[in-house]
Amino acid sequence: DNRSTEQARRVAERGAEIYDHTARWPDIFFPAVRLLWLKDNRPADFAQVTRILMVNEYFIYRLTGRMCSEWTNAAETLLFDTGRLAWSDWLPGFFDMGRIKPNDLIAPGDIADNLRPDLASRLGLGHIPVVAAVSDTQAATLGSGMIRPGDVVAVNGSTTPVLMVEDHFLLDPERRIWVDPYIRNLWLLESNCLSSGMVHRKLMDHLTELIRLLPGQEGFGRPELYALLDKLEDRTEGVIASFGPRRFHVSRRCGQERCEVSFPNEQTNIFAAILPAYVENLAFAIVSNVEQLEVISGRRVERFCLTGGGSRSRHLRRLIPLLLPGRQIKVTRDLETTSRGAAMQALATVGVYADVQSAIAGMTGEDWYEEVSQEQDVPGLAERHRAWRERYD
């Protein structure tokens, strides 16, 4: 929730300094900022806090009895020096959390400990190691098989992070993106389209509810709406929908989000145009974030992979190759790339595979990807893309 908005604004006065240590701009969803809300509003409860555990770390604690943190989740606390892969020396004091004991740090993919004997007995299991996998976005990147420097993955879910694999820590001097630890010796530059699947679901739900109000359409549902959308792909009619997905710029995020829909003329059918226009907006935002990563890294993206629930959109898969010509574009056939990435780490750690690269080779293959090639151009797409850029800039 957004209850720590005031604390985030206060801390953002030192945002540049915090960013240069954490590769994160302080915002409402980071634990250190949320705990500031607790300190300001429920000081007696705050005084009792002795440890901070992220969700996966809490699971590990319940399974093993050990409190530990691996790099990718530690980086989300706002108490971690991301470039050094170590707990920060000064941020706990800045947030008045110096008395909170830091967890043991382990590398992603390390064995945290073994399953507690009492749990193993209850489950009828023997000696079971518990592996600390990377966090969800990194796991989806790994599960997509993308580990070459310069590879880019867009994980199209509730939000749409766009991630480039790097072989060294690279901090953006303009503080636009996040930098994430990945697997050993690799990093991810993370740009992000932000709200995407959440906004799309809302549009779909509201349109479905509207159509159900019509006589004889009480049973209208998602399958019927998707079938209708397939007929509307080229019915944007010049509409540009600038809301939801956008280009990432973490240090300029405060303030009201812009929501704008422009219509070329009064005859435009908004109901026919709004959903395909929204998908175009998402495609424009993904490409804009890819281009931003190219500028920051100095690399031209050659391999691009789309995964996540939104990757099932036929219209999106049609647009991306048109907007990123001359690149290898892949879409994963499996949506569970986060689970797959975690499993890759676990199986490599316990010796089923020699290393993560071998796990990727053993758990994916060319038939696991849908190769997407450039199709016939979408009428007016280049002009709408140009107009979107102008409005956005």
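Guide: Eight elements each put at least two residues into the lining of the largest pocket: on the helical side, helix 3 (31-41), helix 5 (55-64), helix 9 (136-143), helix 10 (197-212) and helix 14 (337-349), and on the strand side, strand 8 (159-166), strand 9 (178-181) and strand 10 (187-195). Keep in mind that this is a predicted model. The space in that pocket comes to about 1,200 Å³. There are 44 lining residues, and those closest to the pocket's centre are D136, T137, T159, W178 and N192.

Of its 8 residues, 7 are buried, so helix 9 is largely enclosed by the rest of the structure. Reading along, the buried ones are T137, Q138, A139, A140, T141, L142 and G143. Just past the end of helix 9, G145 adopts a positive phi of about 80°.

While you're here, a word on the cysteines. The structure has 0 disulfides. C193 isn't in one, and the nearest cysteine sulfur, on C305, sits 15 Å away, whereas a disulfide needs the two sulfurs within 2.5 Å. C305 is likewise in no disulfide, with the sulfur of C193 as its nearest at 15 Å. C193 is buried, at a relative accessible area of 0%, and C305 counts as buried at 0% too.

Methods:
Residues numbered from 1 in each chain as written. Predicted model: local features only at pLDDT ≥ 70, side-chain atom pairs only at ≥ 80, totals over all residues. Heavy atoms only, no water. Buried < 20%, exposed > 50% of the residue type's maximum accessible area, 1.4 Å probe, protein only. 1 Å grid on protein atoms, 1.4 Å probe; cavity = no way out; pocket = protein on both sides within 12 Å on 5 of 7 lines; lining within 4 Å. Points joined across faces, edges and corners; volume = space filled by probe spheres on them. Helix = DSSP H or I, 4+ residues; strand = E, 2+ residues; numbered from the N terminus.
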